Amino acid sequence: MSSTPEVYLDAASSERLHPAARDTLLAALERGYGDPRRLHRAGRDARLLLDNARAAVAECLGARPDEVGFTASGSDAVHRGLLGLVAAVPTDGIVHSAVEHSSVLHAVAWRDSPAHAAVTVDSHGRVDLAALAEAAARPGVAAVALQAANQEVGTLQPVGEVDLPAGVPLFVDAAAAVGHTTVPGRWDALAASAHKWGGPAGVGVLAVRRSTRWTNPFPGDDGLDLLGGFANVPGALAAAAALQAVVAEREEVAARQFRLVERIRTAAAALPDTEVVGDPVARLPHLVTFSCLYVGGDEIVSELARRGYGVASGSACTASTLEPSHVLAAMGALTHGNLRVSLERDTTEEQVVGFCAALTDAVAEIRGRAGLG
């Protein structure tokens with residue numbers, strides 16, 4: 001194992017806590033301990049902080065403060081948001097792209113319906129808009145789910161071009177996109193996750209337009225104010241502070257990350273029998289996935305870790321299983337030996353150059369051990 005500090009290249013799984021979030025979290029722990037439903041001083045302080053957090057996040061998402069609520073995680077926000085759209089109407093079918101995050105797929109499976117439909121994607125992972133509109137127009141459809149960007153290959157979905165029948169709401173899982181690229185304004189309900197943009201873990205965001213029919217699908221009060229019980233006020237405020245910070249610096253950071261990822265894409269594409277996947281242009285700036293023949297995903301992760309680089313393999317939303325990715329399978333891409341590399345906001349050019357060299361050596365060594373070098 002390398003004695004040098006690990007270069008963390010799995011930011012798409014979870015970003016390091018942003019300094020703005022850390023400072024805000026520590027300060028909020030002193031003031032945000034009270035129950036925001038109470039009228040005493042501690043309760044009023046907590047309510048003020050929570051309202052400030054909702055307003056800050058709403059501004060970043062292009063929403064109203066009363067359209068935003070905080071949940072226990074991004075997956076919780078997905079489940080509440082998508083299933084809440086279904087619970088509010090008599091129909092129960094959910095139409096979704098074949099490359100949605102596992103939290104969407106789990107919500108679909110939990111609410112069984114003959115009207116569910118998965119819509120195909122092209123080789124870059126982009127949904128077929130005509131097929132999506134056609135599926136949404138079928139009887140029994142309650143909602144359509146389409147991610148803003150794919151969490152595994154980085155492809156941006158054409159959310160702004162979605163054309164749905166009147167009365168069918170659009171749910172957007174924006175967890176991979178928020179903080180990294182402009183959030184589409186076309187959504188009726190939206191979910192995000194704070195640890196994906198440098199906020200604290202355990203804070204999700206659910207936004208629902210006021211004009212949208214939505215009801216809490218789980219036991220508890222309706223409304224977005226205090227979803228899931230007692231509010232994590234310090235976490236919500238820290239998440240909001242981090243989001244404001246990353247949105248302010250997004251243009252500069254994204255441009256630098258895009259260039260660095262292009263170097264990785266070029267280095268990976270130069271390896272024999274290696275396929276770089278996802279849209280090369282209309283993509284998240286900090287993420288790239290590629291697959292190598294004759295190399296196991298766990299093998300290459302271990303070899304790169306030994307060289308001091310932390311990366312991910314397997315399905316991005318069920319990585320602990322190292323199972324073949326449903327995203328890559330839906331794209332018709334190579335599912336064996338896949339690797340996802342995602343940069344932090346302060347990843348340097350030197351670190352990327354070092355990673356590219358380590359990648360070449362690791363793949364050659366693994367193939368050499370198998371007699372394929």
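Glu152 is buried, with a relative accessibility of 1%, where buried means under 20% relative accessible area, exposed means over 50%, and partly exposed lies in between (1.4 Å probe, protein chains only). The structure is a predicted model, in which local features need pLDDT of at least 70 and side-chain atom pairs count only at pLDDT 80 or more, while totals for chains, interfaces and linings use all residues. Residues are numbered from 1 along each chain as its sequence is written, and side-chain values use heavy atoms, with hydrogens and water left out.

Glu152 is placed in the loop between strand S5 (141-145) and strand S6 (170-173); helices (H or I, at least four residues) and strands (E, at least two) are DSSP runs numbered from the N terminus. From Val295 to Asp51 the C-alpha distance is 50 Å, with the two residues 244 residues apart in sequence. Arg213, by contrast, is exposed, with a relative accessible area of 56%. Arg213 sits in the loop between S8 and H6, and its C-alpha atom is 9.8 Å from that of Ala189, 24 residues away along the chain.

Salt bridges were then considered. Side chains of opposite charge can pair when their charged atoms come close. A salt bridge is taken as a side-chain nitrogen of Lys or Arg within 4 Å of a carboxyl oxygen of Asp or Glu, and by this rule the structure has 23 salt bridges. One of them joins the side chains of Arg31 and Asp45, at 3.4 Å from N to O. Arg31 belongs to helix H1 (residues 19-31) and Asp45 to helix H2 (residues 41-61), so this pair ties together parts that are 14 residues apart in sequence. Both partners count as partly exposed, Arg31 at 38% relative accessibility and Asp45 at 23%.

A further salt bridge is formed by Arg47 and Asp225, whose closest N and O atoms are 2.9 Å apart. Because Arg47 lies in helix H2 and Asp225 in the loop between strand S8 (204-208) and helix H6 (233-269), the pair ties together parts that are 178 residues apart in sequence. Asp225 is partly exposed, at 31% relative accessibility.

Arg369 and Glu303 also meet through their side chains in a salt bridge, at 3.1 Å from N to O. This pair links distant parts of the chain, with Arg369 in helix H9 and Glu303 in helix H7, 66 residues apart. Glu303 is buried, its relative accessible area being 8%. Both residues belong to a network of salt bridges that links Glu303, Arg306, Arg307, Glu365 and Arg369.

On the surface, Leu293, Tyr294 and Leu372 make up a nonpolar patch with about 270 Å² of accessible area together. Patches consist of residues with over 30% relative accessible area and no salt bridge, like charges being joined within 9 Å and nonpolar side chains (Val, Leu, Ile, Met, Phe, Trp, Tyr) within 5 Å. Accessible areas come from the Shrake-Rupley method with a 1.4 Å probe, and for residues only the protein chains shown count as cover. Leu372 is partly exposed, with a relative accessible area of 45%, and lies in the segment after helix H9 (349-369).Open and enclosed spaces were searched on a 1 Å grid over the protein atoms alone: a cavity is a set of points where a 1.4 Å probe fits but cannot get out, a pocket is an open set with protein on both sides within 12 Å along at least five of seven lines, and lining residues have an atom within 4 Å of a point. Grid points are joined across faces, edges and corners, and a volume is the space filled by probe spheres set on the points. The largest pocket has a volume of about 270 Å³. Its lining comprises 24 residues, with His101, Ala175, Ser193, His195 and Lys196 nearest the centre. Helix H3 (residues 74-87) supplies the largest share of this lining, three residues. The lining of the largest pocket holds nine nonpolar, twelve polar and three charged residues, where Ala, Val, Leu, Ile, Met, Phe, Trp, Tyr, Cys and Pro count as nonpolar, Asp, Glu, Lys and Arg as charged, and the others, Gly among them, as polar.

One cavity of 30 Å³ or more is found in the whole structure.
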